Amino acid sequence: MVSRAVAEEKRIIFTGHSSGGSIATLSAIWFLETCTRRGSVNQAHPFCVTFGAPLVGDHTFNHAVRREGWSQCILHFVMPVDIIPRIPLTPLSSVTEGIQAVLDWLSPHTPNFSPSGVTPTITQFYENLLRSTLSIASYEACSFMGCTSSILGTLTSFIELSPYRPCGTYLFLTSSEQLAVVTNSDAVLQLLFYCLQLDPQQQLRDAAERSLNAHWQYEPIKQIMMQEIVCVDYLGLVSSTIPGRQMSGTAVGGLELSKEAMLSLSAAGQWEKQRETNQAKLDGASCTKIREVLKSLNEYKRTCELHEVSYYDSFKLQREVHDFNANVRRLELAGLWDEIVEMLRKRELPDGFEGRQDWVSLGTMYRRLVEPLDIANYYRHSKNEDTGSYLSKGRPRRYKYTQEWHEQLQHISFGSSLESCFWAMAEELQAEIANGKTFEDVRDRVAKLESDAHGWFMSGSLGKDVFLSCSSFVIWWKTLPEKHRSASCIAKLVPW
């Protein structure tokens, strides 16, 4: 049925309530990923709408969805006090009994259904959920507020924090029957906690029962969806309410929020703006500088080729002034890209940065041109003898990251784009034979390298300098058994 709808270019909508919403979310993401691989995502128009769905993924999962630009395709309608979307925020290992009691209460047809009301087990579970959600919200708020206390770094060593985080676009039904729209996952997490804060005069048992009952109150949302919906940009509304920061608890967009809640939400919004500012800086001066240095290294490579020398071999020998200058530029680029990688690691750039075509192309160009120089430097100083092979012990994260960006954007298998590591593979094979291994011991790996090199060369991702007559690879390859060389797939690429 779905395949037929796709063929007819109809919009596919996944939907569900409660755990059905979680299944719908996972199904929609699987469908989006499948359509993206096939190049038909625009024709399929996939969409997902859930009601009171529990969280389904961790930060990495959420990051991947936002990187692909799928958040706007996944809409989660949530009652502000509904307990079910928050259940995954409580570590499963410590509350199994409580979760079962909640499921029994919500399912009238189960043997353990209790029509008399909320049990002490459920009340205790609700309290545990509040404590767990407070820990997670506080931890994340400290992170994006820039807290540098050493206590934050050791928190997870003695407090078990659930890995689940919000994913997609959230729409909270407020008391004014508006929909507060929040796309910032950090802000959604704060709302999931602060909307559950207890009124000082409210009993814990009553709050737990109200939270459970809210899970069955999504019918009004369906009625609103049939009419003209009033959607509120919630972070924008909070930011406009808090300029002087002189306030106590107040109602914003129909939601009762404490001063702490408004400050946390405002900080989440400011953090998002800062990430966009950081990206703008990279798009400007950093990008320009990277392109200038790459242009200079391309000139270095062409100069070497004019002298019938592989730039890898020339750089490894370091006999000329231009080799020294190339090393200075290599180090300069390493600093720029290491800074970008560190910013990504600290979540200081938008999630979509890694999926941008311009930066993926720039990263691929950098990796293919400069990583051979890193490899040359690594083996020039015999680091493999002390540390181990480059691929397993010496490869910097900046090349691993940019390779993953390329593979993700091209929808090819991870680890399949290792053309920039060709020289490291060749160096290891040469070293093993030099250290006593016979050709028979490494025959399969040699054949694999030849096959990969042929494919990379034909696709344009491996330079012709590899097959120059004076290339150290060609000189070594010609020492291999003649029978093997004559049948090799690269035999016609090697000059004789």
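On a 1 Å grid over the protein atoms alone, a cavity is a set of points where a 1.4 Å probe fits but cannot get out, and its lining residues have an atom within 4 Å of a point. Grid points are joined across faces, edges and corners, and a volume is the space filled by probe spheres set on the points. The model to which these terms are applied here is predicted, so local features need pLDDT of at least 70 and side-chain atom pairs count only at pLDDT 80 or more, whereas totals for chains, interfaces and linings use all residues. Residues are numbered from 1 along each chain as its sequence is written, and side-chain values use heavy atoms, with hydrogens and water left out.

The structure holds 2 cavities of 30 Å³ or more. The largest cavity has a volume of about 70 Å³, and its lining consists of His59, Asn62, Glu140, Arg165, Pro166, Ser185, Asp186, Leu189 and Arg347. Helices are DSSP runs (H or I, at least four residues) numbered from the N terminus. Two of them, helix H4 (59-67) and helix H8 (185-194), each supply at least two residues of this lining, and the largest share, 3 residues, comes from H8. By class, the lining of the largest cavity has 2 nonpolar, 3 polar and 4 charged residues; in this scheme Ala, Val, Leu, Ile, Met, Phe, Trp, Tyr, Cys and Pro count as nonpolar, Asp, Glu, Lys and Arg as charged, and the others, Gly among them, as polar.

The second largest cavity holds about 50 Å³ of space. Its lining is formed by Arg66, Asn184, Ser185, Asp186, Glu272, Arg275, Arg347 and Asp351. H8 supplies at least two residues of this lining, as does helix H12 (259-306). The classes here are no nonpolar, 2 polar and 6 charged residues. Domain 1 (1-257) and domain 2 (270-417) each contribute at least three residues to the lining of the second largest cavity, the domain bounds coming from an automatic or database domain assignment.

Side chains of opposite charge can pair when their charged atoms come close. A salt bridge is counted where a side-chain nitrogen of Lys or Arg lies within 4 Å of a carboxyl oxygen of Asp or Glu, and the structure holds 27 of them. Arginine 347 forms one with glutamate 140, with 3.6 Å between the closest N and O atoms. This pair links distant parts of the chain, since arginine 347 lies in the loop between H14 and H15 and glutamate 140 in helix H6 (residues 120-144), 207 residues apart. Glutamate 140 is buried at 10% relative accessibility, where buried means under 20% relative accessible area, exposed over 50%, and partly exposed in between (1.4 Å probe, protein chains only).

Arginine 347 is also bridged to aspartate 186, the closest N and O atoms being 3.1 Å apart. Because aspartate 186 belongs to helix H8 and arginine 347 to the loop between H14 and H15, the pair ties together parts that are 161 residues apart in sequence. Aspartate 186 is buried, at 6% relative accessibility.

Elsewhere, arginine 445 forms a salt bridge with glutamate 432, with 2.8 Å between the closest N and O atoms. Arginine 445 lies in helix H20 (residues 439-459) and glutamate 432 in helix H19 (residues 422-434), so this bridge ties together parts that are 13 residues apart in sequence. Arginine 445 is partly exposed at 39% relative accessibility, whereas glutamate 432 is buried at 17%. Salt bridges that share partners join Glu140, Arg165, Asp186 and Arg347 into one network.

The aromatic residues provide further contacts. Rings of Phe, Tyr and Trp (its six-membered ring) pair if their centres lie within 6.5 Å; planes under 30 degrees apart count as stacked, over 60 as edge-to-face and the rest as tilted. The structure holds 20 aromatic pairs. Phenylalanine 353 and tryptophan 405 form an edge-to-face pair, 5.9 Å centre to centre with 90° between the planes. Phenylalanine 353 lies in the loop between helix H14 (321-345) and helix H15 (357-380) and tryptophan 405 in helix H18 (residues 397-410), so the pair ties together parts that are 52 residues apart in sequence. Phenylalanine 353 is buried, with a relative accessible area of 0%, and tryptophan 405 is buried at 3% relative accessibility.

The ring centres of tyrosine 378 and tyrosine 379 are 5.4 Å apart and their planes stand at 70°, so this pair is edge-to-face. Tyrosine 378 is buried at 6% relative accessibility, and tyrosine 379 is buried with a relative accessible area of 8%. Ring pairs also link Tyr312, Phe422, Trp423, Phe457, Phe467, Phe473 and Trp476 into a cluster.

Notes
On a 1 Å grid over the protein atoms alone, a cavity is a set of points where a 1.4 Å probe fits but cannot get out, and a pocket is an open set with protein on both sides within 12 Å along at least five of seven lines; lining residues have an atom within 4 Å of a point.
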